[in-house]
Amino acid sequence: MSRILIIGAGIIGAALAERLASKGRDVMLVEARGVASGATGAYYGWVNASSFVDERHFRLRVAALAAWRRASARLPLVGLRWQGALSWEGDVEAEARSLAALGYDVERVSAAAARELEPALRAPNGGLLRFAA
């Protein structure tokens with residue numbers, strides 16, 4: 001049986017290593033700096049279902065989000081932080097309505113409240129949306 005080397009111990013590398021090892025494969029996982037030291041550990045707000053083309057695409061993104069949560073639960077060492085994301089692109093009210101109609105958790109947030117969540121953020125004066133992750 002061949003040996004498998006996976007480079008990168010973020011959520012994708014760790015999930016792949018865990019899955020292959022559970023199937024009896026000989027896996028080595030290497031990471032230069034430490035588990036989740038790259039994009040996975042830095043920020044994970046982009047994992048959400050807020051941006052979508054149509055309802056089928058939205059449902060696919062929701063299913064993918066559920067898969068990420070299952071992987072995260074199996075890999076506590078990776079330590080994902082499910083903090084959500086802020087958005088102020090385009091017509092936030094229309095986006096909030098369309099997401100709410102699909103049953104997605106979205107919250108309207110004032111610019112002042114956004115600055116409390118992210119003090120370094122230079123948010124516009126208008127409203128923002130906060131998406132759950």
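**Exercise 1. Classify the exposure of Glu55 and Arg59, and describe how their side chains meet.**

Glu55 has a relative accessible area of 45% and is therefore partly exposed; buried means under 20% relative accessible area, exposed over 50%, and partly exposed in between (1.4 Å probe, protein chains only). Arg59, at 40% relative accessibility, also counts as partly exposed. The two side chains meet in a salt bridge at 3.2 Å, N to O, where a salt bridge is a side-chain nitrogen of Lys or Arg within 4 Å of a carboxyl oxygen of Asp or Glu. Glu55 and Arg59 are separated by about one helical turn because they are four residues apart in helix α3. Helices (H or I, at least four residues) and strands (E, at least two) are DSSP runs, numbered from the N terminus.

The structure is a predicted model, in which local features need pLDDT of at least 70 and side-chain atom pairs count only at pLDDT 80 or more, while totals for chains, interfaces and linings use all residues. Residues are numbered from 1 along each chain as its sequence is written, and side-chain values use heavy atoms, with hydrogens and water left out.

**Exercise 2. Identify the buried residues of α1 and the elements against which they pack.**

Step 1. The buried residues in α1 are Ile11, Gly13, Ala14, Ala15 and Ala17.
Step 2. These buried residues pack against β1 (3-7), β2 (26-30), α2 (39-42) and α3 (55-74), contact meaning heavy atoms within 4.5 Å.

**Exercise 3. Describe the packing of α1 with α3.**

Step 1. Two packed helices are described by the angle between their axes and the distance between the axes.
Step 2. The axes of α1 and α3 come within 10 Å and cross at roughly 70°. Axes are lines fitted to C-alpha atoms, for helices over the stretch in contact, and angles run from 0 to 180 degrees between N-to-C directions.
Step 3. From α1, Ile11, Ile12, Ala15, Glu18 and Arg19 meet Trp68, Ala71, Ser72 and Arg74 of α3.
Step 4. The residues of this contact divide into five nonpolar, one polar and three charged. Here Ala, Val, Leu, Ile, Met, Phe, Trp, Tyr, Cys and Pro count as nonpolar, Asp, Glu, Lys and Arg as charged, and the others, Gly among them, as polar.

**Exercise 4. Determine which parts of the chain are tied together by salt bridges.**

Step 1. The count comes to four salt bridges.
Step 2. One of them joins the side chains of Glu18 and Arg74 at 3.0 Å, N to O. Glu18 lies in helix α1 and Arg74 in helix α3, so this pair ties together parts that are 56 residues apart in sequence.
Step 3. Glu18 is partly exposed, with a relative accessible area of 25%, and Arg74 is partly exposed at 36%.
Step 4. Arg108 forms a salt bridge with Glu93, with the closest N and O atoms 2.9 Å apart. Since Arg108 lies in strand β4 (residues 106-109) and Glu93 in helix α4 (residues 92-101), the pair ties together parts that are 15 residues apart in sequence.
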